[in-house]
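Subject: Model for you to look at

Hello,

Here is the model you asked about. Please open it first, then read the notes below.

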Amino acid sequence: MSRAISHCILPTYVQSVYNTIMFRYVFSIFLSFSIILVLAFYSDAIHRINDTAQEIKVVEVAIFKGAFGIEWHQQMAEQFNRENKHRNIKIELWGDPKLANILKPRLLRGNPPDLILDERLPLWLLIAADKLLPLNAPLAEPALGFEQQKWADRYSPGMLNMFKSNGNVYAVPAAFGAWTCWYNASLYKAKGWEIPKTWDEYIDLCEKIKQSGMVPIALQGKNSYFYAWSTYITLVQRIGGVEAINRINALEPNSFSHPDALKAAQVFQNLVANYYQPGALAMTHTEAQLQFIQGNTAMIFCGVWLENEMRETIPADFELRSFDIPGSPEWKGNDKMVHGQGMEFLFVPKAAKHPGIAFEFARYLVSPQHAPGMSRSIGAISPLREVNSPENFSPAIASVVDIVNDSSGAFNVRPYMLFPAWKSQVMDAAIQDLCRGTLTPEEFARTLDDGIAHEVATAERAIPDAVLLNPSDYGELHAH
Amino acid sequence: MHINRELKRLRWFLIAPALILFTCFTALPGVRALIYSFQKWDGFTEPEWVGLQNFQALLADDLFILALKNNVILMVAGGAITLCLALLFASTIHRGMRGAGVFRVAFFFPNILAAVAIAILWQQMYSTTDFGIINAIWMQIQQALPSVFLKKGEIPSPFPFTDSSHLIWSIVPMLIWTATGFYMVLFLAAMQSIPEEYYEAATIDGASPRQQFWHITFPLIREVFIVGIVFFIISSAKFFDAVWVMEAELPNKNSHVMTTVLYQKVFHEYNVGYAAAIAVVLFVLVFIATLITLNFSRKDTLEY
């Protein structure tokens, strides 16, 4: 047949080329692929025509595939589809570890998914560019499984502040992340080590561990911008109280050079120099976490995803537990406060095709009704109030839930969310230099402050106001 | 006449697919990048024309200068050692070394591996955990010679080769290991095209192997050697993968190279115009370096 085609449509010189065996072979393959492509397009078109004929609203949901995976989200999507079959609604949910990179061109083209879960995208930039829809309307709806209250009111205090601007909430967290210190309870029992209640006891514990021949703490050095930074920020609150955190969040000049924040940098640098694993700055987060799991170090600072991320490597006799980073009676901060925040943020792009259903599915996903299932399935702590019962979690995450339930509140800082260039050019290198001792605490603080001052001075868009914490609400006194 | 016209059409017919692909995926994006370099654009809102502002900012940017310096380190340190070793190995194999075939395959082997796989392999070898073979050897050396390598009371500890502050120098051995085989094969092919009579005559005249190399081999493969330098300049300027992998996708001021700064500007800082300006400068630098190098090769070309 291909010979007949060639005689009909091709000029003489092309026919002679065609008649060579190689060209015929290549042409046949090309023709076969073309036919397959046409058929594929045709079947897709038929599929779309069928969907249109039945007026099925296909709602695309894209989920960051990280330590929590996407299996539970997919189960929720299937359940939602079953429950709403009569409404001809279909959630199509997919996930990817590189979701942000995949979605950037789609956001740019104005063809984004209807609902996105990934705060690795520049949410503040998208908010400023008017690319996101406010979630105020669904937040005013009743919470699923607790209809007496609005969805917003079921969120734990402060959970909706991270992406709030001019009274509008543009992204809501699907999980809560707490920054704690992890240890192996069976090892501690065997060695007779006690969980420290104060910073002095913590340092004593590090000394005991060191004397036993073990390295006290592992550090995810390659990701210092997050892992070392989070421990440093916890110490800022412990030493300076929420006022120190407020200064940073309000972008006050010299907030990192304030004596309290400076002292936190000194304490942290001493901790790294004396008790962190040698060579830690060259370790990726999984390498360092594996060092801890393998018993080469006795502790590691990490978020709640540690157990899920390292699940395959945790030995049966390893009792993974967590304690909060202690404070000191001499310090200003309330050590019952958790360094934590909402995470796994959900948001709806303005260009979403079905924003109403996207809102509805977000409310379905983060609901009092489904929170226990989420906890049991992926070990994620819900950002909602009164839904995190320790019995729904593994013993490891239950130990964090105990800390959260026992806490006076949560705090976090925001400059790295506001200023991506500060994070990547200033903060990451500065915290690494502090850890390796090539910057003094004073130089470190000055570097951070100068970087913030530069960002504030050159900001082209209005910087949203910070939601500040009142120290007296947390049993802390105002500094004089 | 008719045949000539048909041949002309045939030429266009054969060249058309490559031309279309080149225009769509290289030329047009290149022109677009040039336009972006004169704009301020975050990738989400409307671009704004800013003239040469991005280029002015680039020249005053310490980060870009540091990245450029790191590229030069890779180019000079990596390039010098790679090309010298490749020349040495090619010459040795060319002069009939026993087991030459095995060595040729062994040296060329890294070229068939993906760049990311090579980076992960070296990351594991450099690892400061028990997994890292290089640090295991280093620890053994410290234990064997404590008076030389350890201060009083100090215990052997791994060296953080992939720590940001040492990363560029740690990449140089990886670069040499990866690239030497390719350049060796390039030079060997050139050496094998040199007529054997030249060496026979030189041997009769009493020339030593070293004299034969400097007076016959090297002058006759000089042009290929220059091509090797051009290849190395281009590949070092575009170097990306190993830094990206070993820095867990977030290099900092100690470890950036030009392409990682470019990536960071677009995908972490959303400064597309500035990143396009980097791409333009990168193109110009490579273009100038290539022109200079090729200009050298045109002088005193030997024909045989």
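One definition before the notes: a residue is buried if 20 or more other C-beta atoms lie within 10 Å of its own, exposed if 12 or fewer, and partly exposed in between, with C-beta atoms placed from the backbone.

This is a predicted model, in which local features need pLDDT of at least 70, side-chain atom pairs count only at pLDDT 80 or more, and totals for chains, interfaces and linings use all residues. Residues are numbered from 1 along each chain as its sequence is written, and chains are lettered from A and ligands numbered from 1 in the order in which they are written.

Most residues other than glycine have a negative phi. N88(A) is not a glycine, yet its phi is positive, about 55°. N88(A) sits in the loop between helix 4 (71-83) and strand 2 (89-96) of chain A. Helices (H or I, at least four residues) and strands (E, at least two) are DSSP runs, numbered from the N terminus. Is N88(A) buried or exposed? It has 12 other C-beta atoms within 10 Å, so N88(A) is exposed.

E344(A) also has a positive phi of about 55° and is not a glycine. Its place is in strand 13 (residues 337-347) of chain A. E344(A) has 23 other C-beta atoms within 10 Å, so this residue is buried.

Chain A overall

Chain A has 20 helices and 14 strands. Its C-alpha atoms fill a box of roughly 90 × 55 × 55 Å, taken along the principal axes. Of its 480 residues, 48% count as buried. Two residues are in contact if their C-beta atoms, placed from the backbone, lie within 7 Å. Take the contacts in chain A between residues at least 6 apart in sequence: 75% of these join residues at least 24 apart.

Domains of chain A

Chain A is divided into domain 1 (56-176 + 343-395) and domain 2 (180-341 + 412-474). These bounds come from an automatic or database domain assignment. The centres of the two domains, taken over C-alpha atoms, are separated by 28 Å. Domain 1 of chain A puts 15 residues into the contact, and domain 2 of chain A puts in 13. On the domain 1 side, helix 6 (123-128) and strand 6 (164-165) of chain A each supply at least two residues. That side has 10 nonpolar, four polar and one charged residues. Here Ala, Val, Leu, Ile, Met, Phe, Trp, Tyr, Cys and Pro count as nonpolar, Asp, Glu, Lys and Arg as charged, and the others, Gly among them, as polar.

Two covered helices

Which residues of helix 13 of chain A are buried? They are H285(A), E287(A), A288(A), Q289(A), Q291(A), F292(A) and I293(A). That is seven of the nine residues of helix 13 (residues 285-293), which is mostly covered. The buried residues of helix 13 pack against strand 9 (180-184), strand 10 (215-218), helix 11 (227-249), strand 11 (297-302) and helix 14 (306-309) of chain A. G295(A) follows helix 13 of chain A, with a positive phi near 85°.

Helix 15 (residues 355-365) of chain A has eight of its 11 residues buried, so it is largely enclosed by the rest of the structure. Among the buried residues are F359(A), E360(A), F361(A) and Y364(A).

Helix 12 (residues 259-275) and helix 20 (residues 441-458) of chain A pack at an angle of about 125°, with axes 9 Å apart. Axes are lines fitted to C-alpha atoms, for helices over the stretch in contact, and angles run from 0 to 180 degrees between N-to-C directions. Helix 12 and helix 20 of chain A are therefore oblique to each other. Angles under 35 degrees count as roughly parallel, over 145 as roughly antiparallel, 65 to 115 as roughly perpendicular and the rest as oblique.

In chain B, the axes of helix 3 (residues 62-94) and helix 8 (residues 167-192) come within 6 Å and cross at roughly 40°. The contact of helix 3 with helix 8 of chain B has 22 nonpolar, seven polar and no charged residues.

Where the chains meet

In the contact between the chains, 30 residues of chain B meet 30 residues of chain A. Helix 1 of chain B gives the most to the chain B side, with three residues.

Best wishes
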